[in-house]
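Here are my notes on the model, point by point. Have it open in your viewer while you read.

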Amino acid sequence: MDPRHLSLRQLEVLKAVVDAGSMARAAQRLFMTGPAITQQIQQLEKTLGVPAFDRIGRRLRLTAAGDRALAAANDVHTRLAALAKEMDALRKRDDGTLHLGILATGTHILPPLLAEFRRLAPGIAVHMVVSTRAELTRRVLDGDVDLALMGRGPETAPDGAAASGDPLTREPFASNPHVIIAWPGHPLAAERGIAPIELRHESIVQREPGSGTRAMLDNFLAMHRITPRERVPVSGNEMAKHAVMSQLGISLTSAHTLFLELRTGALVRLDVDHTPIVRTWYVVHHSERWLPPAAAAFRDYLLDEGARKVETETRTLLSAGHDEK
């Protein structure tokens, strides 16, 4: 038997004949002619290589092969019915799986938004990966991730499509301000309007090469012709924050990683001129690939309600990010 020659229509006709008890009644149920029903059964039997029915006069009785084909037809019918329900749920955007990718920095802002979204759409499951920008870009391009939250992305044309020919679309989601942090009691903690050149006496805790935050810091230091007293390399936002809390130096980091530390006073934000350095969070997806309804629903939530929540929280955080004089 070659399963490539077996059609859904043949299985449908077989099931209808058995359910109706005759080919004539099956033809009525399926709005087909009698000869068409007969032809479908004959094609089915040819594919099976054995008869599906024993024909005793006008009576039809399933053979062992026909019985197994009927079981397959029932399985297919059940699965197609389930598929119809699944597609209906997907179209309603309240079911399915959301494949999401985020940078490590985004883990500080995304979980509350994701929790709120899932309260609105509890049927949606989430598969989330945390990785580097390069890896997230690859995953979106390969189709492993539906949406990615990135701080940087490929250069884009005015319409949002990648100008380099990379088929990614990135949509601005929320601002991503970066601030200079220090430990409580730092000599500059109570100062206002600090000139960047004053940082030349400081040790600078810096992220690993390839990090967007590291590139931002290097640009800031070069722009203001600052040569710090020492550079202390670390890996990751959490290590950078702990290094600053341990008084190894000051650092530049995304304000979105500092909600807890600034509120509790574990860290303070230095009021350095030309900061915060504001970058943008982008929602990134493949412009040439179908965006599943679950992903489309979360994208819409992020760009609307989610963006408002993040911007409000960020304003509150920055306004409370200084020690009082």
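1. Let's start with the aromatics: Phe117, Phe298 and Tyr301 form one aromatic cluster. Rings of Phe, Tyr and Trp (its six-membered ring) pair here if their centres lie within 6.5 Å, with planes under 30 degrees apart called stacked, over 60 edge-to-face and the rest tilted. The structure holds 3 aromatic pairs. Phe117 and Tyr301 have ring centres 5.8 Å apart and planes at 45°, so their pair is tilted. Phe117 sits in helix α5 and Tyr301 in helix α10 (residues 293-319), so the contact ties together parts 184 residues apart in sequence.

2. Some ground rules before going on. This is a predicted model, where local features need pLDDT of at least 70 and side-chain atom pairs count only at pLDDT 80 or more, while totals for chains, interfaces and linings use all residues. Numbering runs from 1 along each chain as its sequence is written, and side-chain values use heavy atoms, with hydrogens and water left out. Helices (H or I, at least four residues) and strands (E, at least two) are DSSP runs, numbered from the N terminus.

3. The cut-offs are under 20% for buried, over 50% for exposed and partly exposed in between (1.4 Å probe, protein chains only).

4. Now look down α5. Leu110, Leu113, Leu114 and Phe117 are buried in this helix. These buried residues fall within an arc of 100° seen down the axis, so they line one face of α5; the arc is taken from the directions from the helix axis to the C-beta atoms. Pro112 and Arg119 are exposed on the other side of α5.

5. The criterion is a side-chain nitrogen of Lys or Arg within 4 Å of a carboxyl oxygen of Asp or Glu. Both residues lie in α5, 3 residues apart, about one turn of the helix. Glu116 counts as partly exposed at 24% relative accessibility, and Arg119 as exposed at 58%.

6. How many salt bridges turn up over the whole structure? The search finds 18. One of them joins Glu261 and Lys241 (3.0 Å, N to O); it links helix α9 (residues 259-264) to helix α8 (residues 237-245), with the partners 20 residues apart. Both Glu261 and Lys241 are buried. In helix α10, Arg308 meets Glu305 (2.7 Å, N to O), and these two are 3 residues apart. There is also a salt-bridge network linking Glu135, Arg138, Arg139 and Asp142.
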